[in-house]
Amino acid sequence: MKISCRKKIAVDSKKDAIIIPVYKNIRSLKNITGKKIDDELQNIIQSDYFNFDEKESKSFYIDVNKKLKKIYIIHIPKEKGEARFYMELGAKTASIFKKDKISSFSLISFEDIYNEKKDLYITKAFLEGFMFNDYTFDKYKSKKSPEYFFEAEIITAMPKMKKYIDENTDRWNAVFTNINIMKDLINTPSNYLNPYDFTEFVKNNIADNVECIIWDEKEILNNNMNLLYNVGKGSVNKPYFIQLKYKGNPESDKNIALVGKGITFDSGGYSLKPASSMAHMKDDMAGAALMFTLTKLISELNLKININTYIPLAENLIGANSVLVGDVITSASSKTVEILNTDAEGRLILADALYFATKTDPEIIIDAATLTGACVVALGPYCAGIFSNRKFLSKQISDVSYEVSEDVWELPLYADYEQGIISSVADIANMSSFTREGGAIHAALFLKQFIDNYPWIHIDMAGPAYLEKSHPVFGKEATGFGLRLLYNFLLTHYSEGENERH
Ligand code: BES
Ligand code: MN
Ligand code: ZN
């Protein structure tokens, strides 16, 4: 979406429509809409025809300089609310515009309406909601939906607002370009995106300022990543391991490690999933898609930060050569693991990747994975589980989560539950003897064995990465969950020089 900003006044708008946010008894908006529009607006909202109790926004044609101009009047509360409210409004407006075939619009800034001069989050939230809805996945349909290229022009009378919009539009576009790439990767069926295809996509789409190392099956074995190898060996599409290195702050040794689960299809293996649970297991690489697009975004915006990203990729299938239940495998860390359930494969490939992540002495390790159905049972589909071995980190990520309206909730790493993953033949088992009880916690406790007590955040996004029931902002199927969350988290707490959110 193209976003621009103009100082005053809406009467001059050359766009298809003008959006005017209003609340009951709103003062005259003459200084920002121009007298003509303000007069008409007041006529409309004071007429019997207009009812502020109605939820839906209405559109009207008004006569501006002898031309009919379409205006959309959207209802907002008199007191400003949370960002997510305006995101939802933005997402709804995008749906209406697609239906009404409006591709360009002027929007009176919410900050102007509220006379808000300091905390400039509202218009941004509206645009973000709009952009979340500005996505279609029709690559595999013969009949494509009409292509939209939306243009938004923000109208403000506040110099500070204009400066804020002008300074940030490129970044917002970069964020949503990458969110859409992440969604495309997750929505792509497994027959079009196997581990090798994923590596090709990364190679062809990552900027030159990122070093890209790709290990095939042989190098995986040479580097003792036997867990990754064993999860992937049952498929003809062999496993791969990607490392991305971005040095945005070469003077510093500090670095961040990112790890993302990349199972391009999860059948469960010999511990086969029932058909209904397998339905959307093409999404089991959402963590990998997240960490790839996050690294890509950070490198494109040249953030002053050093990132090492680790992406283990495999297809979890049944085959003559598949890993068997009861097999004992020596991990890259040299801990031995008993495979009690081949469907608990995510923690296996992550364990080998996490081991490599500890080798650069990182300030923090963050992993993201569609790891357990149990996490979805605990928190529902819209919220991710987070775990951390440092209290301050779970607090920091929770605060950012609230600000970006991508919900996470902390779950505990109780040591008492570690007895669940004790194995009688190996150092550790990949499934808990508590079976389904506290499944997300046991998976996290398993990962914890491989992080060498480095500061660590684990995000179990089995719920929100891919939705079967549509969410008012994030829609359905791949959502892009986590990109704004981690981008803003890294920007706020780890990027040097620039630590203001934008
Ligand atoms: N990929 C699944 C988890 C998942 C479930 C993701 C639902 C998205 C939606 C994972 O590999 C898995 O199968 N986990 C098992 C673990 C169990 C066997 C210990 C699960 O959650 O049932
Ligand atoms: Mn599984
Ligand atoms: Zn899985």
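Donors here are N, O and S atoms within 2.8 Å of the metal (3.2 Å for Na, K and Ca), and water is not among the atoms, so sites may look incomplete.

The model is predicted: local features need pLDDT of at least 70, side-chain atom pairs count only at pLDDT 80 or more, and totals for chains, interfaces and linings use all residues. Residues are numbered from 1 along each chain as its sequence is written, chains are lettered from A and ligands numbered from 1 in the order in which they are written, and side-chain values use heavy atoms, with hydrogens and water left out.

Next I took the manganese ion (ligand 2). Its donors are Asp266 (OD), Asp343 (O), Asp343 (OD) and Glu345 (OE), at 2.1 to 2.2 Å. The site has six donor atoms and angles of 72 to 171°, and is irregular. The spacing of the donor residues in sequence is D-x76-D-x1-E. Asp266 bridges the two metals, which lie 3.1 Å apart.

Glu345 is buried at 1% relative accessibility, whereas Asp343 is partly exposed at 22%. The cut-offs are under 20% for buried and over 50% for exposed, with partly exposed in between (1.4 Å probe, protein chains only).

Last, I turned to ligand 1. Of the 15 residues around ligand 1 (a heavy atom within 4 Å), Lys273, Asp284, Asp343, Glu345 and Gly373 come nearest. I list polar contacts as pairs of N or O atoms within 3.5 Å. A polar side-chain atom of Glu345 is 2.9 Å from an oxygen atom of ligand 1, and a side-chain N or O atom of Lys261 is 3.2 Å from an oxygen atom of ligand 1. A polar backbone atom of Thr370 lies 3.4 Å from a nitrogen atom of ligand 1.

Technical notes:
Four donors count as tetrahedral if all angles lie between 85 and 135 degrees; four count as square planar and six as octahedral if opposite donors are over 155 degrees apart and all others between 65 and 115; anything else is irregular. A polar contact is a pair of N or O atoms within 3.5 Å; within protein, one must be able to donate a hydrogen and the other to accept it, and residues adjacent in sequence count only if both atoms are side-chain atoms.
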